[in-house]
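Here is a short report on one protein chain. Keep the sequence and the 3D view side by side as you read.

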Amino acid sequence: MKKPSIRHLTSCTILAGSILLASPPATAAGVTAGTLIENTASASYTTGNTPKTIESNKVTIKIGEVLDVAVASLDSGAVAISDSNVLAFSVTNTGNGPEAFTLTADPAIAGNDFDAAVTSLAIDTNDNGIYDAGVDTLVINGGASPSIDADATLKVFVLVSSPSGTGDGQSSQIKLTAAATTGTGTPGTTFPGAGTDGSDAVVGSSGATDFAQGKLVASVATVALVKSATVVDPFGGSQAIPGATIRYEIVATVSGSGSIGSLTITDAIPASTTYQAGTLKLGATALTDAADSDAGSASNTSISVDTGTVAAGESRTVEFAVKVN
């Protein structure tokens, strides 16, 4: 048979890029790490009157893992700190493959009025945005997070305490840094075979590390307690004689900043007197003597009133009366 000459190749079409494997949806950094991009080219032609099609060899390329991360503070403003408190951050894997990140909280920031002590880090295990002791997973400062999927976000808590002698209103900042455990460096730095499914890992635009700062403000609230008494005797005077009524007023005033929680005022019924039933009050509100759903209780031996949470600059007043025996 006579070989076809070039002039006989009257119909020749080259089809390049015939994808054999569909690509998954793109992530923040593009196609998922470890994805195989496979394709072949084809050519069709006629030789004589016979159509022919041939294919090239298949080219396979494995997508590398881009190492990128973004860290942000989740607190809307400065967090008040007294004896201990919690700062919240988000760590988002903006790369295209699963990655763990080394988490480091630095309390020594230039310009701080005081440097808080970092007691631990914690992962928001139940993802409710609130630190739950005994539930959320503790991580040592400088330890690694669990692996975070591409485009996924992990909430991280930084547990801190203030040093003694911190002044009311003083401020401090804590810096949380997340760094890819595979490696960091200038963008484009490559770690051969260290990525997903043995792909190369390539440092992205973040340098594979990022940080955010959370702010603390010292809240040092104090309580002043002042008690006074008014006497009314049976004759309309103010002499403390048998049968006289003594009305006690106790004022608790909170100063500083922040608030005081569960402020409870108690007082013993003085000897030689008898508590007058139904005289217990919190501010203008009368309280029952029974230990029930309201804030107070009273007996022949003592009174107790839970005034709740009291913000700095506010006060609470408790009143009750006794009769001199």
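## Ground rules

This is a predicted model: local features need pLDDT of at least 70, side-chain atom pairs count only at pLDDT 80 or more, and totals for chains, interfaces and linings use all residues. Residues are numbered from 1 along each chain as its sequence is written, and side-chain values use heavy atoms, with hydrogens and water left out.

## Overall form

The chain has 27 strands and 0 helices. Both kinds of element are DSSP runs, numbered from the N terminus: helices are H or I with at least four residues, strands are E with at least two.

The C-alpha trace spans about 140 × 40 × 25 Å along its principal axes. The radius of gyration of the chain is 37 Å, while a compact globule of 325 residues would have one near 20 Å. That radius is taken over C-alpha atoms, and the globule rule is 2.2 Å times the number of residues to the power 0.38.

Of the 325 residues, 33% count as buried. Buried means under 20% relative accessible area, exposed means over 50%, and partly exposed lies in between (1.4 Å probe, protein chains only). The chain exposes about 16,800 Å², and carbon and sulfur atoms supply 54% of that area. Accessible areas come from the Shrake-Rupley method with a 1.4 Å probe; for residues, only the protein chains shown count as cover.

Now take contacts, meaning heavy atoms within 4.5 Å. Among those between residues at least 6 apart in sequence, 70% join residues at least 24 apart.

## Strands and their partners

Strands of a sheet pair through backbone hydrogen bonds, either parallel or antiparallel. Here, two strands count as paired if DSSP finds at least two bridges between them.

Start with β2 (residues 36–47). Strand β2 runs antiparallel to β4 (residues 59–62), joined by 4 bridges. Asn39 has Val59 as its bridge partner in β4. Strand β2 also pairs with β3 (residues 50–55), antiparallel, over 6 bridges. Thr47 stands opposite Thr50. β2 and β3 form a hairpin with 2 residues between them, and Gly48 in the turn has a positive phi of about 65 degrees.

Next comes β10 (residues 117–123). Strand β10 pairs with β12 (residues 153–161) over 6 antiparallel bridges. Val118 is partnered there by Val160. Another 3 bridges join β10 to β11 (residues 137–139), again antiparallel. In β11, Thr137 is the bridge partner of Ile123.

Which strands form the open sheet of 3 strands? The order is β5-β15-β14, with mixed pairing. β5 (65–67) and β14 (190–191) each have a single partner strand, so one side of each lacks a neighbour in the sheet. β14 and β15 (residues 201–203) run antiparallel, joined by 2 bridges. Phe191 has Ala201 as its bridge partner in β15.

## Two nonpolar cores

A nonpolar core is a set of buried Ala, Val, Leu, Ile, Met, Phe, Trp, Tyr and Cys residues joined through side-chain atoms within 4.5 Å. The largest has 31 residues. Val91, Leu103, Val158, Ile174, Leu176 and Leu216 have the most contacts inside it. A second, separate core has 23 residues, including Tyr248, Ala252, Leu263 and Leu282.

Look at Leu216 in the largest core. Beyond its neighbours within four places in sequence, the contacts of Leu216 include Val79, Ile81, Phe114, Val160 and Ile174.

## Salt bridges

How many salt bridges does a search of the whole structure find? The search finds 4. A salt bridge is a side-chain nitrogen of Lys or Arg within 4 Å of a carboxyl oxygen of Asp or Glu.

Asp127 and Lys155 form one, with their closest N and O atoms 2.8 Å apart. Asp127 lies in the loop between β10 and β11, and Lys155 in β12, 28 residues apart. Asp127 is exposed at 51% relative accessible area, whereas Lys155 is partly exposed at 26%.

Lys227 and Asp267 form another, at 2.5 Å from N to O. This pair links β17 (residues 222–232) with β20 (residues 264–268). Lys227 is partly exposed at 41%, whereas Asp267 is buried at 14%.

Glu314 and Arg316 also meet in a salt bridge, at 3.3 Å. Glu314 is partly exposed at 36%, and Arg316 is partly exposed at 23%.
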